[in-house]
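Please look through this note with the model open beside it.

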Amino acid sequence: PCDMTKMPFSVAFVSESGEELHSPQYAGASVAEAAVGGVSRKGFTAHPPNHGQTHMQFLVNLAETPVAFHSFVGLRDGSQSEGCVFRVLVNGEEVASRKMMPGQWEEISADLTPWAEKTILFSLVTDSDGPFNYDWAMWGEPRVDVVRR
């Protein structure tokens, strides 16, 4: 098992037209703890830029053992967001997605077994899906775990 908050990562910002953004206002990503639906979890806060995306990117060396990514996603308590989209990418390919409105944590997961024994570019993407007002996005307890069969 691997707690992703302990892994090094880089952050990139992209406009809805696919243009890289440099230091967009209010956008960012960092390790944090926050409550969603009154339940606090440690993970990542990832505020997207207006009409854009925040990409948290990790280089991950996968073992031969089947593994899966698992996290909770939600918008921090007090958010008045019109919703945002959480996406999981492997080498640029979307493997999981969930549109969220303020309220509660929801689970998101992705099977990483097809990439066993490979090094992958793993990305957690938070998309403003329009205006970014109050898109206080949280990835709670993100981890890669061995798949139990």
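1. In this predicted model, Glu141 and Arg41 form a salt bridge through their side chains, at 3.3 Å from N to O. The two partners come from distant parts of the chain: Glu141 belongs to strand S12 (residues 137-146) and Arg41 to strand S5 (residues 39-47), 100 residues apart.

2. Are Glu141 and Arg41 buried or exposed? Glu141 has a relative accessibility of 33%, so this residue counts as partly exposed. Arg41 has a relative accessible area of 15% and is therefore buried, because the cut-off for buried is under 20%.

3. A salt bridge also joins the side chains of Asp127 and Arg87, with an N to O distance of 2.7 Å. Asp127 is in strand S11 (residues 119-127) and Arg87 is in strand S8 (residues 84-90), so this pair ties together parts that lie 40 residues apart in sequence. Asp127 counts as buried because its relative accessibility is 12%.

4. Which residues do salt bridges with shared partners join into one network? They are Arg87, Glu94 and Asp127.

5. The side chains of Arg143 and Asp145 meet in a further salt bridge, at 2.6 Å from N to O. With a relative accessibility of 27%, Arg143 counts as partly exposed.

6. How many salt bridges does the structure hold? The count is 6. Among them are the pairs Glu141 and Arg41, Asp127 and Arg87, and Arg143 and Asp145.

Methods
Residues numbered from 1 in each chain as written. Predicted model: local features only at pLDDT ≥ 70, side-chain atom pairs only at ≥ 80, totals over all residues. Heavy atoms only, no water. Salt bridge = Lys/Arg side-chain N within 4 Å of Asp/Glu carboxyl O. Helix = DSSP H or I, 4+ residues; strand = E, 2+ residues; numbered from the N terminus. Buried < 20%, exposed > 50% of the residue type's maximum accessible area, 1.4 Å probe, protein only.
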